[in-house]
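Me: I would like to learn how to read a pocket and the packing of helices in a structural model. Could you take me through the general idea and then the case at hand?

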Amino acid sequence: MRILFGLFRFILIAFITSSTLLACNSLFIDKSPSPSNQLESNPLPSLPPIAPKDIEPERIPDAPYLQTPPEVVLKMLEMAKVNKNDVVYDLGSGDGRIVIAAAQKFGARAIGIEIDPELIRESDRESKLAIAKTPKIRDRIQFIKQDFFKTDLRDATVITLYLLPQANLRVRSEILPKLKKGTRIISNEYDLGDLPPNQTETIKVGNREYRIYLWILD
């Protein structure tokens with residue numbers, strides 16, 4: 001009899017526990033938000049990264065780095081009649097050879113504008129060697145890491161170029177109108193479109209000929 005009573009008690013407790021769990025589960029389901037009220041689980045759209053305003057992305061150089069032979073450098077500066085009163089800007093100055101020659105051989109104040117940081121470091125090394133040989137040019141040489149289309153060139157009296165044709169055309173449209181009357185523009189290899197030069201010269205170095213163009217702004 002005692003065994004039957006214990007079994008009945010166990011069944012009763014199990015029944016009550018099961019009923020309680022079912023009731024709780026039903027209550028939870030009833031209070032859950034309906035599918036129409038649930039937030040959609042779609043991912044948020046990704047936003048493009050915002051670059052800091054004070055950091056400007058590096059721009060691709062306007063011409064590949066090609067060294068101008070020393071004979072061509074001298075011919076360019078001679079054609080432009082560079083002298084100690086001139087302010088020469090070399091746009092895309094590479095290793096700095098035109099800038100150094102303008103100061104060292106013609107006495108001009110010369111500034112190189114170059115966007116490639118490695119070439120700026122190279123031109124600084126070359127300028128130190130030149131200054132060691134000619135100390136008086138120390139204050140007449142400067143190299144600036146910059147996009148030359150954003151450089152203030154209003155004090156230039158001579159601009160030297162060794163760029164690609166499309167870059168020369170952009171120089172013509174964006175830079176030349178800002179320069180003062182009488183500024184000399186000297187370009188190795190490429191012209192300024194249909195703008196007629198004041199003078200052209202051809203110089204042969206080894207087996208190669210170089211065409212040099214001169215314009216004087218009026």
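Me: In this predicted model, which element gives the largest share of the lining of the second largest pocket?

Reply: Rolling a probe the size of a water molecule over the atoms shows where empty space is left. Here the second largest pocket has a volume of about 320 Å³, and of the 13 residues lining this pocket, those closest to its centre are Arg97, Ile100, Ala101, Gln104 and Glu126. Two or more lining residues come from each of helix H2 (70-79), helix H3 (97-106) and helix H4 (117-133), with H3 giving the largest share, five residues.

Me: How do the residues of that lining divide by class?

Reply: The lining of the second largest pocket has seven nonpolar residues, one polar and five charged.

Me: At what angle do H2 and H3 pack, and how far apart are their axes?

Reply: Two packed helices are described by the angle between their axes and the distance between the axes. For H2 and H3 the angle is about 60 degrees and the axes lie 10 Å apart, which means that H2 is oblique to H3. The crossing of these two helices, H2 and H3, is right-handed.

Me: Which residues of H2 and H3 meet?

Reply: From H2, Pro70, Val73, Leu74, Met76, Leu77 and Glu78 meet Arg97, Ile98, Ala101, Ala102, Lys105 and Phe106 of H3. By class, this contact of H2 with H3 holds nine nonpolar residues, no polar ones and three charged ones.

Definitions and conventions:
Residues numbered from 1 in each chain as written. Predicted model: local features only at pLDDT ≥ 70, side-chain atom pairs only at ≥ 80, totals over all residues. Heavy atoms only, no water. 1 Å grid on protein atoms, 1.4 Å probe; cavity = no way out; pocket = protein on both sides within 12 Å on 5 of 7 lines; lining within 4 Å. Points joined across faces, edges and corners; volume = space filled by probe spheres on them. Helix = DSSP H or I, 4+ residues; strand = E, 2+ residues; numbered from the N terminus. Nonpolar A, V, L, I, M, F, W, Y, C, P; charged D, E, K, R; others polar. Axes fitted to C-alpha atoms, helices over the stretch in contact; angles between N-to-C directions. Parallel < 35°, antiparallel > 145°, perpendicular 65-115°, else oblique. Left-handed = near helix turned anticlockwise from the far one by under 90°. Contact = heavy atoms within 4.5 Å.
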